[in-house]
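Hello,

As promised, I am handing the structure over to you below.

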Amino acid sequence: MKKSVQRGLAVVATVGLAVALAACSTPKPVATGSELHIWTMFPVTPMADVSQVGAGVKAGAAAINAAGGLGKGNHKIVVKECKTDFSPQSEIQCAQQAADDTLSIAFVSPLQISGGDAVDKVAQDAGLPVINSNPNTPG
């Protein structure tokens, strides 16, 4: 075997070993604290399925949990979803579920179509921040 190939293999093996040892010796942070809930809502009907909203919120929560959780308590974030049917009633019902949830800390990316101000009022009255609400929502 040529010396240049041997050197290349040696470098690759050394880097691989260093990465493997680093991965083994460095514990990954995980969310170890109590659960906190974030809520999201989106329509799922034969006309429209906007499940990617929930997938995006879940991906964000997974990243927070993988980085050690939320805050000094390392709280684990659990996503609660409401799949609505474009009706104000289903959207208001979702907001009420979030408001009644004692572990709820926020509404994240709620895609509300027809509940508008009524949904916002339920969240506001419960003290839940609405983060990244869709721009079509009045107010």
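First, a convention for the handedness of crossovers: one is right-handed if, with the strands pointing away from the viewer, the path from the first strand over the helix to the second runs clockwise. Helices (H or I, at least four residues) and strands (E, at least two) are DSSP runs, numbered from the N terminus. With that in place, β1, α2 and β2 form a right-handed β-α-β unit.

A word on the basis of all this. The model is predicted, so local features need pLDDT of at least 70 and side-chain atom pairs count only at pLDDT 80 or more, while totals for chains, interfaces and linings use all residues. Residues are numbered from 1 along each chain as its sequence is written, and side-chain values use heavy atoms, with hydrogens and water left out.

**Overall picture**

The protein chain has four helices and four strands, and from the N terminus on they run α-β-α-β-α-β-α-β. Of its 139 residues, 32% count as buried (under 20% relative accessible area, with exposed meaning over 50% and partly exposed in between; 1.4 Å probe, protein chains only). The accessible surface of the chain is about 8500 Å², and 62% of that belongs to carbon and sulfur atoms; areas come from the Shrake-Rupley method with a 1.4 Å probe, and for residues only the protein chains shown count as cover. Taking contacts (heavy atoms within 4.5 Å) between residues at least 6 apart in sequence, 65% join residues at least 24 apart.

**The sheet**

The four strands make an open sheet in the order β2-β1-β3-β4, with parallel pairing. β2 and β4 stand at the edges with a single partner strand each, so one side of each has no neighbour in the sheet. Two strands are taken to pair if DSSP finds at least two bridges between them.

β1 is mostly covered, with eight of its nine residues buried. Nine bridges join β1 to β2, and three join β1 to β3. Ile 38 is a handy residue to look at here: it stands opposite Val 79 in β2, and its bridge partner in β3 is Ala 106. His 37, in turn, stands opposite Ser 104 in β3.

Four of the five residues of β3 are buried, so this strand is largely enclosed by the rest of the structure. The chain crosses from β3 through α4 to β4, again in a right-handed β-α-β crossover. Two bridges join β3 to β4, which run parallel, and Phe 107 has Val 130 as its bridge partner in β4.

**Helix α4**

Which residues of α4 are buried? In this helix (residues 116-126), they are Gly 116, Val 119, Val 122 and Ala 123. Seen down the axis of α4, the buried residues fall within an arc of 150 degrees, so they line one face of the helix; the arc is that of the directions from the helix axis to the C-beta atoms. As background, an α-helix has 3.6 residues a turn, so residues three or four places apart point the same way.

The buried residues of α4 pack against β1 (35-43), α3 (88-100), β3 (104-108) and β4 (130-131). On the face turned away from the buried side are the exposed residues Asp 117, Gln 124 and Asp 125. Just after α4, Gly 127 takes a positive phi of about 75 degrees.

**Salt bridges**

How many salt bridges does the structure hold? There are two, counting a side-chain nitrogen of Lys or Arg within 4 Å of a carboxyl oxygen of Asp or Glu.

- Lys 58 pairs with Glu 81, their closest N and O atoms being 3.5 Å apart. Lys 58 is partly exposed at 41% relative accessibility, and Glu 81 is partly exposed at 28%.
- Asp 125 and Lys 121 meet through their side chains at 2.7 Å, N to O. The two are four residues apart in helix α4, which means that about one helical turn separates them. Asp 125 counts as exposed, at 56% relative accessibility.

Happy viewing, and best wishes
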